[in-house]
Amino acid sequence: MASISFYNNATKDILDGTIDLDSDTIKVSLHASTYTPAVTHDFFNDVTNEVTGSNYTAGGATLGSTAVTTVTVNDAMYDAADTTWSAHASGFSTARYAVIYKSTGTASTSPLIGYIDFTTDQDNVNNDLTIKWNASGILQLTT
């Protein structure tokens with residue numbers, strides 16, 4: 001899976017508790033190539049051009065089976081189950097970016113964490129689209 005680029009405020013928001021990876025609703029949404037990611041974006045209302053299509057819900061999918069675990073004495077990671085959008089003939093065909101964020105239910109108060117650039121448009125028209133999170137976790141902290 002492609003690497004995650006983090007938005008500028010993500011680390012601060014995680015360390016000061018604005019984002020609690022243990023208990024907050026963390027989502028991943030899909031966006032077309034016409035969205036231009038900027039690390040200075042801070043809330044979900046900064047993210048544009050979300051895809052539409054069958055088997056995709058506006059706002060994206062909630063990450064499942066999330067966990068913050070100790071990897072070694074000085075390392076911890078945040079991980080989740082892989083995220084899949086099932087195939088459908090009327091699905092989306094323009095997903096270029098996946099945006100990870102904390103959902104508060106209001107776009108202007110939902111802080112961004114990071115994004116993946118798929119490099120080419122992805123779809124769920126003929127096959128499932130699955131984001132396979134890195135075996136080392138979505139986020140790893142080493143001290």
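The largest pocket has a volume of about 280 Å³, a pocket being an open set of points on a 1 Å grid over the protein atoms alone, where a 1.4 Å probe fits, with protein on both sides within 12 Å along at least five of seven lines. This is a predicted model, in which local features need pLDDT of at least 70 and side-chain atom pairs count only at pLDDT 80 or more, while totals for chains, interfaces and linings use all residues. Residues are numbered from 1 along each chain as its sequence is written, and side-chain values use heavy atoms, with hydrogens and water left out.

Next, select Leu30, Trp85 and Trp133, which touch the most other members of the 25-residue largest nonpolar core, a set of buried Ala, Val, Leu, Ile, Met, Phe, Trp, Tyr and Cys residues joined through side-chain atoms within 4.5 Å. Tyr35, Phe44, Tyr101 and Leu112 are included in a second, separate core of 9 residues.

From Trp85, move to Asn124, one of the residues in contact with Trp85 (heavy atoms within 4.5 Å) beyond four places in sequence. Asn124 is buried, at a relative accessible area of 0%, where buried means under 20% with a 1.4 Å probe and protein chains only. Finally, show the side chain of Asn124, a polar atom of which lies 3.1 Å from the backbone oxygen of Ser54.

Key:
Buried < 20%, exposed > 50% of the residue type's maximum accessible area, 1.4 Å probe, protein only. Polar contact = N/O pair within 3.5 Å; in protein donor to acceptor, adjacent residues only side chain to side chain. 1 Å grid on protein atoms, 1.4 Å probe; cavity = no way out; pocket = protein on both sides within 12 Å on 5 of 7 lines; lining within 4 Å. Points joined across faces, edges and corners; volume = space filled by probe spheres on them.
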